[in-house]
Amino acid sequence: MNNTDNTLLLPSPPALFEDFGQSRFDSKEEYKDALGKQQEKLFHVQRSYFHQKKRALVVFEGWDASGKGGAIRRITEKLDPRGVSVFPVAKPAKEDQDKHFLYRFWQHIPSPSTLKIFDRSHYGRVLVERVDQLIDEKTYQRGYDEINAFEKTLSDSGVRIIKLFMHISPKEQRERFEERLHNPFKRWKLTEEDLHNRKMRKEYVKAVNEMFERTHTSYAPWRIINGEYKWQARVDVLDTIVARLSEGVDISPPQLDENLIAQASKQLDVDEDLINS
């Protein structure tokens with residue numbers, strides 16, 4: 001039985017689509033301009049979160065080779081590294097396997113003034129563990145409620161949660177796998193697990209759509225990112241994060257302390273009116 005409080009579920013969860021349309025960028029210059037603007041906006045948001053001691057969690061899920069790593073690099077490359085960190089999620093270590101599956105994720109929740117990024121996440125319980133039958137149905141069904149409770153607890157304690165699923169077509173994934181296979185500098189990215197997961201795509205589609213239905217909540221909604229076009233996907237990720245982090249948050253620069261202004265103007269021989277302008 002599903003014990004989730006349905007009043008917290010949004011009425012229209014997203015679902016995986018097959019029509020990826022066309023990229024909105026016609027040139028690299030256009031992409032670079034949009035990317036730079038959004039990176040600058042995100043930097044200002046980060047500074048606001050730092051000064052206001054706010055915190056946020058960005059969760060990345062998606063197909064293998066869908067661009068999670070590239071998107072994460074574009075998020076972090078212009079930010080203050082003291083206020084952002086990435087948790088690369090892999091198979092749990094032996095010492096974690098006998099603990100509750102959420103235990104290791106509790107160790108990585110964001111501290112005040114910081115942004116945390118999960119590169120894959122606690123959703124492995126209802127994705128890979130379900131699809132590969134590493135757990136029984138009763139266990140993964142219970143996982144939806146446990147995940148919702150985990151995220152609700154974080155949200156209630158002031159963590160802004162953003163959940164992104166990077167979506168690409170089987171054709172695009174195949175082309176990216178082939179590129180990795182033939183590029184010596186990318187070959188390490190292609191694994192047997194990637195090929196296995198590709199064969200299980202039908203099962204994953206079912207699991208992903210049910211994940212959306214059961215965990216798309218008012219406090220932690222899902223957003224599907226069209227990852228078919230790398231440039232567009234990276235900018236869309238930044239657009240989504242900036243918009244979500246800015247909701248109800250004053251992102252204007254903090255006011256300087258009047259005593260500090262007076263001391264600085266005297267010691268540095270600077271007009272106070274110029275500092276305040």
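Biologist: What should I know about the model before reading it?

Modeller: The model is predicted, so local features need pLDDT of at least 70 and side-chain atom pairs count only at pLDDT 80 or more, while totals for chains, interfaces and linings use all residues. Residues are numbered from 1 along each chain as its sequence is written, and side-chain values use heavy atoms, with hydrogens and water left out.

Biologist: In which order do the strands of the open sheet lie?

Modeller: Helices (H or I, at least four residues) and strands (E, at least two) are DSSP runs numbered from the N terminus, and two strands pair if DSSP finds at least two bridges between them. Here five strands form an open sheet in the order S2-S3-S1-S4-S5, with parallel pairing. Strand S2 (84–88) and strand S5 (222–226) are the edge strands, each pairing on one side only.

Biologist: How many bridges join S4 to S1, and how many join S4 to S5?

Modeller: Eight bridges join S1 to S4, and five join S4 (residues 159–167) to S5. Ala56 has Arg160 in S4 as its bridge partner, whereas Met166 is partnered by Ile225 in S5, and Lys163 stands opposite Trp222 in S5.

Biologist: Are the residues of S4 buried or exposed?

Modeller: In a regular strand the side chains alternate between the two faces of the sheet. Val159, Ile161, Lys163, Phe165 and His167 point one way from S4, and Arg160, Ile162, Leu164 and Met166 point the other way. Buried means under 20% relative accessible area, exposed over 50% and partly exposed in between, with a 1.4 Å probe and protein chains only. Nine of the nine residues of S4 are buried, so S4 is largely enclosed by the rest of the structure.

Biologist: Which strands does helix H6 touch as it packs on the sheet?

Modeller: Contact means heavy atoms within 4.5 Å, while axes are lines fitted to C-alpha atoms, for helices over the stretch in contact, and angles run from 0 to 180 degrees between N-to-C directions. Helix H6 (residues 137–156) touches S1 and S4, and its direction makes about 135° with that of S4. The buried residues of H6, among them Tyr140, Ile147, Phe150 and Leu154, pack against S1, helix H4 (103–106), H5, S4 and H9. Just after H6, Gly158 takes a positive phi of about 100°.

Biologist: At what angle do helices H8 and H9 pack?

Modeller: Two packed helices are described by the angle between their axes and the distance between the axes. Helix H8 (residues 192–199) and helix H9 (residues 201–215) pack at about 75°, with their axes 5 Å apart. Angles under 35 degrees count as roughly parallel, over 145 as roughly antiparallel, 65 to 115 as roughly perpendicular and the rest as oblique, and H8 and H9 are therefore roughly perpendicular to each other. In this contact Asn197, Arg198 and Lys199 in H8 meet Arg201, Glu203 and Tyr204 in H9.

Biologist: Where does Ser121 lie, and what is Ser121 in contact with?

Modeller: Ser121 lies in the loop between S3 and helix H5 (128–131), and is buried, with a relative accessible area of 5%. Leaving aside neighbours within four places in sequence, Ser121 is in contact with Val59, Phe60, Glu61, Val89 and Phe105.
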